[in-house]
Amino acid sequence: MNREYHRWHSPRLNRDMEVLLYGHSGEPVILVPTSKGRFFQAEDFGLISAIADGIAAGRYVVVCVDSVDEESWYNKDVAPAVRVARHAQWEDYLLHEVVPLAKGRAAGGRLTLAGCSLGGFHTYNVGLRHPDVFQRLISMGGKFETEDFLDGHHDEQVYFHTAPQWLPNLHDPGRLSALRRVEMTLAVGEHDFCRPSNENLSKVLWQKDIGNDLSIWDGGTHDWPVWRQMIRQYLPA
C-alpha cells in the first residue's frame with residue numbers, strides 16, 4: 001500500500017501542517033482525527049489497517065489530516081470567539097489546501113469527508129456548510145453541538161458552526177437542493193453517549209427533507225473497536 005508523508009506551511013493557519021496520504025488511485029477520502037488528534041492517529045489506532053485492502057486495491061486515496069483543536073475548541077486560554085475563529089481558519093485550510101491534494105491524487109469520483117468522535121463533528125460542521133465540495137459525509141460516534149466548548153458564548157460565528165442551530169432555519173432552495181444530493185451517514189453505538197446528538201441531527205435533517213442514514217450499532221460504545229468496524233463497512237474493499 002502506498003504511504004506518503006507531506007508537510008507544508010499553511011498560510012491560512014500560519015504554521016506547518018502535516019498529513020499522511022495512503023493509496024495510489026480511487027475515490028478521495030479525507031479522514032479527520034478525534035479531539036486533539038494528530039495526522040498519524042488513524043494509522044496508530046487501526047483505522048487505516050481496517051480499510052487497507054480497499055486502499056491497496058485502488059478504491060480509495062485516503063488523506064489523514066492534522067487538527068488544531070488545542071488552538072480552537074479546547075483552548076481555554078483565549079476568548080470563545082477566538083476559538084471559533086481559529087477553527088474557521090482550519091476549515092479554510094481543509095477546503096483550500098487539503099481538498100486539492102486529495103482530489104489531485106485521486107482518480108475522480110465522490111469526495112468523502114469522514115471522522116470519529118470530534119472528527120465526526122468536524123465532518124458534519126464543514127460538510128454541511130459546503131455541500132458543493134463534499135459528496136459523502138461519514139460520522140462515527142460524532143457529537144454536533146458546540147455549547148460545551150464555549151463557556152456560554154454565542155454569536156453569529158457560533159451559530160453557523162453549529163449545525164443543529166442553523167439547519168432548521170435554512171430555506172434557500174439552492175442550498176437545500178445541494179444538501180439533498182450529499183450521501184450522509186450518522187453511525188453511532190447503541191451505548192455511545194453521543195447517540196442522542198446523532199438522533200437529533202438526523203431528525204433535523206429529515207425535517208428539511210435531507211436524506212441521511214442513521215445507523216445505531218447494537219452494543220456499540222464510544223471506542224476504537226466499534227469505529228474500526230464502522231469504517232470497514234462504510235469504506236469496503
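Tutor: Strands here are DSSP runs of E with at least two residues, and helices are runs of H or I with at least four, numbered from the N terminus. This is a predicted model, where local features need pLDDT of at least 70 and side-chain atom pairs count only at pLDDT 80 or more, while totals for chains, interfaces and linings use all residues. Residues are numbered from 1 along each chain as its sequence is written, and side-chain values use heavy atoms, with hydrogens and water left out.

Student: How many residues of β3 are buried?

Tutor: Five of its six. Buried means under 20% relative accessible area, exposed means over 50%, and partly exposed is in between (1.4 Å probe, protein chains only).

Student: Switching to α9. Which of its residues are buried?

Tutor: Ser197, Asn198, Leu201, Ser202, Val204 and Leu205. They cover an arc of only 160° around the axis, so they sit on the same side of α9; that arc is taken from the directions from the helix axis to the C-beta atoms. On the other side, Pro196, Lys203 and Gln207 are exposed.

Student: What covers the buried residues of α9?

Tutor: The list includes α5 (118-129), β6 (136-140), α7 (163-166), β7 (183-189) and β8 (213-217). Covering goes by contact, meaning heavy atoms within 4.5 Å.

Student: New topic, aromatics. How many aromatic pairs are there?

Tutor: Eleven in the whole structure. Phe, Tyr and Trp rings (for Trp, the six-membered one) pair if their centres lie within 6.5 Å; planes under 30 degrees apart are stacked, over 60 edge-to-face, the rest tilted. Trp8 and Tyr93 have ring centres 6.2 Å apart and planes at 40°, so that pair is tilted. Trp8 lies in β1 (residues 3-10) and Tyr93 in α4, so the pair ties together parts 85 residues apart in sequence.

Student: Is Tyr93 buried or exposed?

Tutor: Tyr93 has 0% relative accessibility, so it counts as buried. Trp8 is at 22%, so that one counts as partly exposed.

Student: Which residues form an aromatic cluster?

Tutor: Trp73, Tyr74, Phe121 and Phe149 form one.
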